[in-house]
Amino acid sequence: MRELIVLGTASQVPTRHRNHNGYLLRWDDEVILFDPGEGTQRQMLMAGQPVTPIRRICITHFHGDHSLGLPGILQRISLDRVPHPVAVHYPAGGQESYDRLRHATSYWDNAEIVPGPVGEGFVAETSAGRLTALPLRHPIETYGYRLVEPDSRRIVPALLAEHGIGGPAVGELQKTGRLGDVTLEQVSVPRPGQVFAFVMDTGLCDNVYALAENADMLVIESTFLAADADLAAQVGHLTAGQAARVARESNVQTLVLTHFSQRYPDSSQFLDEARAEFAGTIVAAEDLARVLVPPRRPATVDR
């Protein structure tokens, strides 16, 4: 199962209908929690999601709406005696903030929490693929994250039949890459790995595009509407139209808009603005919504 579970969608302050940020990515066996804002532990309960499957936590920056839920999540991981290590990634320049949040109150610490500061050249190999990060443009040190699944190949049954290969021999071919005179490339097509990108608080910059390039799912802040574009630029944020243009120019499949300013009571305005720029799938995120990672882009058979 590959899906995004939205735990919160507000920017700066929560509203009656939107909690602070929080995004749980389930990518097969890898479960990553992004930007746990205040109240994330309760939102996970409301979404029916335990903390036990979480393998890593990624924090884009140390503004409260993206990180004040970290102490509660870490203490819950300890309380539930999660049996595996949990990595926590965060901007290296925010080490003092991380240390304070890590032990914000007294509790019995039973968990193996592995700090993983993010800086230039950051790479983490996960069961889902390679996780990287790039700096963004915001008043404090901020990083966006990109998860890339390794490329592989998909066996084509018709090509196997043409070469008279079936049964256990298929497994041997996949394992060794060759069966007699037949190579794996002759009976398969490339299967590009899927890409997930997570871009929070930032002004428009080259790294936004680099993170979003060819993403199957792009989760991106759209704090403001175009009418407040000047304010957005001043405080290091995006408008819905800008986020949608990034998706269009970066060949994104599914665009998930989030991090909405409380000044706009109607989220349909964000959809309208984005649809004028991007013809693909657009989701204006709502708390506790589930968004499936789209199907793989179709492979072609070269004949």
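This is a predicted model: local features need pLDDT of at least 70, side-chain atom pairs count only at pLDDT 80 or more; totals for chains, interfaces and linings use all residues.
## The largest pocket

Let's start with the open spaces. The largest pocket holds about 290 Å³ of space. Its lining is made up of 16 residues, and those closest to the pocket centre are Ser 11, Gln 12, Thr 223, Phe 224 and His 237.

Two helices take part in this lining: H2 (64–67) and H8 (229–235) each supply at least two residues. By residue class, the lining of the largest pocket has 10 polar residues, three nonpolar and three charged.

## The second largest pocket

The second largest pocket comes with about 200 Å³ of space. Here 13 residues form the lining, and Thr 15, His 17, Arg 18, Tyr 264 and Pro 265 are the ones nearest the centre. The lining of this second pocket splits into five polar, four nonpolar and four charged residues.

## Helix H3 and its buried face

Helix H3 spans residues 70–79, and its buried residues are Leu 70, Pro 71, Ile 73, Leu 74, Ile 77 and Ser 78. Looking down the axis of H3, you will find these buried residues within an arc of 165°, so they line one face of the helix.

## Ser 222, a buried loop residue

Ser 222 sits in the loop that connects strand S15 (217–221) with helix H8. The relative accessibility of Ser 222 is 0%, and because buried means under 20%, this serine counts as buried.

What is Ser 222 in contact with, leaving aside its neighbours within four places in sequence? The partners are Leu 238, Thr 239, Ala 240, Ala 243, Leu 257, Thr 258, His 259, Phe 260 and Phe 270.

## Strand S5 and its two partners

Strand S5 covers residues 86–91, and six of its six residues are buried, so the strand is largely enclosed by the rest of the structure.

S5 pairs with strand S4 (residues 56–58) through three bridges, and the two run parallel. It also pairs with strand S6 (residues 113–118), this time through six bridges, and again the strands run parallel.

Methods:
Residues are numbered from 1 along each chain as its sequence is written. Side-chain values use heavy atoms; hydrogens and water are left out. On a 1 Å grid over the protein atoms alone, a cavity is a set of points where a 1.4 Å probe fits but cannot get out, and a pocket is an open set with protein on both sides within 12 Å along at least five of seven lines; lining residues have an atom within 4 Å of a point. Grid points are joined across faces, edges and corners, and a volume is the space filled by probe spheres set on the points. Helices (H or I, at least four residues) and strands (E, at least two) are DSSP runs, numbered from the N terminus. Ala, Val, Leu, Ile, Met, Phe, Trp, Tyr, Cys and Pro count as nonpolar, Asp, Glu, Lys and Arg as charged, and the others, Gly among them, as polar. Buried means under 20% relative accessible area, exposed over 50%, partly exposed in between (1.4 Å probe, protein chains only). The arc is that of the directions from the helix axis to the C-beta atoms. Contact means heavy atoms within 4.5 Å. Two strands pair if DSSP finds at least two bridges between them.
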